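This briefing is meant to be read alongside the structure shown below.

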2 protein chains.
Amino acid sequence: MKLPQVMFHIKEIKMKKAVVILSGGMDSTTLLYDLYNQGYDLEAISFNYDQKHQKELICATATCKKLGIKHKIIDLRILGQLAPSALTRENVKIPEGSYTNDSMKLTVVPNRNMVMLSLAASYAIGSDITDIFYGAHAGDHAIYPDCRIEFVEAMKTMFKLCDWKKINLNAPYLKIDKAEIARIGKKLNVDYNLTWTCYKGGKKACGKCGSCTERLEAFAKAGMKDPVQYK
Amino acid sequence: MKLPQVMFHIKEIKMKKAVVILSGGMDSTTLLYDLYNQGYDLEAISFNYDQKHQKELICATATCKKLGIKHKIIDLRILGQLAPSALTRENVKIPEGSYTNDSMKLTVVPNRNMVMLSLAASYAIGSDITDIFYGAHAGDHAIYPDCRIEFVEAMKTMFKLCDWKKINLNAPYLKIDKAEIARIGKKLNVDYNLTWTCYKGGKKACGKCGSCTERLEAFAKAGMKDPVQYK
């Protein structure tokens, strides 16, 4: 009688449910592969917040299809309408150069992460899932206030209080940089061709915006070739 | 030369900008009058989260029109679609009876307050406003996890971290009950005829749901007559 019980127990651990916030960029896609590889029973959610282009969302959809993961795109166009940013307004130009330049702050969508995380929590609570994962990492902090460690820690506290059941917010890449994420992806055989990082929505990535610059540096540091085509 | 300077200073204090989350119920409407009376330069935002009826939103619009306050209704129907609740699903019946009954938990829209507050913060940040007010009060705590004092305190911390500028979350009615709010409203001459509290969207308020029960008790305790018509 003992063996079936043990097997059931193992199955239960392996199939822990989780919601992953998937932008379609390299960080969250690596995280998806990482959790998939750990045996989580995953659902991915992405947000359409009126980004100037839909390339990331197309990639997110393709990755989920490839891995057989349930995927939901949440219509959050209201965020792009409520709060101006270079990522959502046609009349604000995407700045070029390094991510640490002050001009890159134009790409901050005000409070984007809190809005996305709180909707992810609504979905998780409604679906009886207690774990939410997102791919914030150390490289984001200089530009984005809502990728800082103290923001994520405060958000974790919030998630314990927002429902009668405790919700766990997990950001396992918070203390590592994009190069380290690329190294994890290499081990997991992540299909980076199905990720999009460039802020511009051209046929090929521009290679010049802060986002491209950081991605290229990460691949170089990790000794990897980026399969995405650049201008 | 001194007088104009002093006057300018007074004007500056009186015209402090703030965003108020206005449901169209009696708590947030009283709060709106309260801040209006204190001389704030106000903007009100309401949320359409696919409530079964639009009565509260109609009231919110009417109150803002009456006071001459800029009002924005944010399309948050995605919330009603993401997370089930008796307030948003036709197939979940509104429970009747006291607010403390366990069945009333069916009216919890998962994580509603965090979603609404975070979008309010996006709007405020994008509009260069640093103060946000909402009308959570002591009576809500038994049913709604996201009206608890510890939730609001954690949210205040979040608001200081979500942007490079600190955003202030204010919930001045957090420690008083609905009867006390009614007493404040009486002094401020709030037009409670332009508020809607009943969970059902009938021509007249039902007088039986938890929300009606609490409202009627509050008016009775405050020795006031509720101008809204009941069945």
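Two residues are taken to be in contact if their C-beta atoms, placed from the backbone, lie within 7 Å. The structure is a predicted model, and on that definition 32 residues of chain B are in contact with 32 residues of chain A.

**How the two chains meet**

- On the side of chain B that touches chain A, strand 3 (70-75), helix 4 (77-82), helix 5 (112-126) and helix 6 (149-161) of chain B each supply at least two residues.
- Of these elements, helix 5 of chain B gives the most to the side that touches chain A, with nine residues.
- By class, that side of chain B has 22 nonpolar residues, together with five polar and five charged ones.
- The copies meet through the same surface, because 100% of the interface residues of chain B are also interface residues in chain A.

**How the two copies are related**

- Chain B has an open sheet formed by five strands in the order 3-2-1-4-5, and the pairing is parallel.
- Strand 3 and strand 5 (168-170) of chain B are the edge strands, each of which pairs on one side only.
- On average, and with direction ignored, neighbouring strands of this sheet are turned by 25 degrees against each other.
- Strand 1 (residues 17-21) and strand 4 (residues 131-133) of chain B pair in the parallel sense over two bridges, and B:Val20 stands opposite B:Phe133 in strand 4 of chain B.
- Helix 2 (residues 26-37) of chain B lies across strand 1, strand 2 (41-48) and strand 4 of chain B, and it runs at about 165 degrees to strand 1 of chain B.
- Helix 5 of chain B, which also contributes to the side that touches chain A, lies across strand 1, strand 2, strand 3, strand 4 and strand 5 of chain B, running at about 155 degrees to strand 1 of chain B.

**Helix 7 of chain A and its two partners**

- Helix 2 (residues 26-37) and helix 7 of chain A pack at an angle of about 40 degrees, with their axes 9 Å apart, which makes helix 2 of chain A oblique to helix 7 of chain A.
- Helix 2 of chain A passes helix 7 of chain A in a left-handed crossing, and by class this contact has five nonpolar, three polar and three charged residues.
- Among the residues of helix 2 of chain A that meet helix 7 of chain A are A:Met26, A:Tyr33 and A:Asn37, and those they meet include A:Ile184 and A:Leu188.
- Helix 7 (residues 178-188) and helix 8 (residues 210-221) of chain A pack at an angle of about 55 degrees, with their axes 8 Å apart, and this makes helix 7 of chain A oblique to helix 8 of chain A.
- Helix 7 of chain A passes helix 8 of chain A in a right-handed crossing, where the contact has five nonpolar, no polar and four charged residues.
- A:Lys178 and A:Ile181 in helix 7 of chain A are among the residues that meet helix 8 of chain A, and A:Lys178 and A:Ile181 are also among those that meet helix 2 of chain A.

Notes
Residues numbered from 1 in each chain as written. Chains lettered and ligands numbered in written order. Predicted model: local features only at pLDDT ≥ 70, side-chain atom pairs only at ≥ 80, totals over all residues. Axes fitted to C-alpha atoms, helices over the stretch in contact; angles between N-to-C directions. Helix = DSSP H or I, 4+ residues; strand = E, 2+ residues; numbered from the N terminus. Parallel < 35°, antiparallel > 145°, perpendicular 65-115°, else oblique. Left-handed = near helix turned anticlockwise from the far one by under 90°. Nonpolar A, V, L, I, M, F, W, Y, C, P; charged D, E, K, R; others polar. Pairing = 2+ DSSP bridges.
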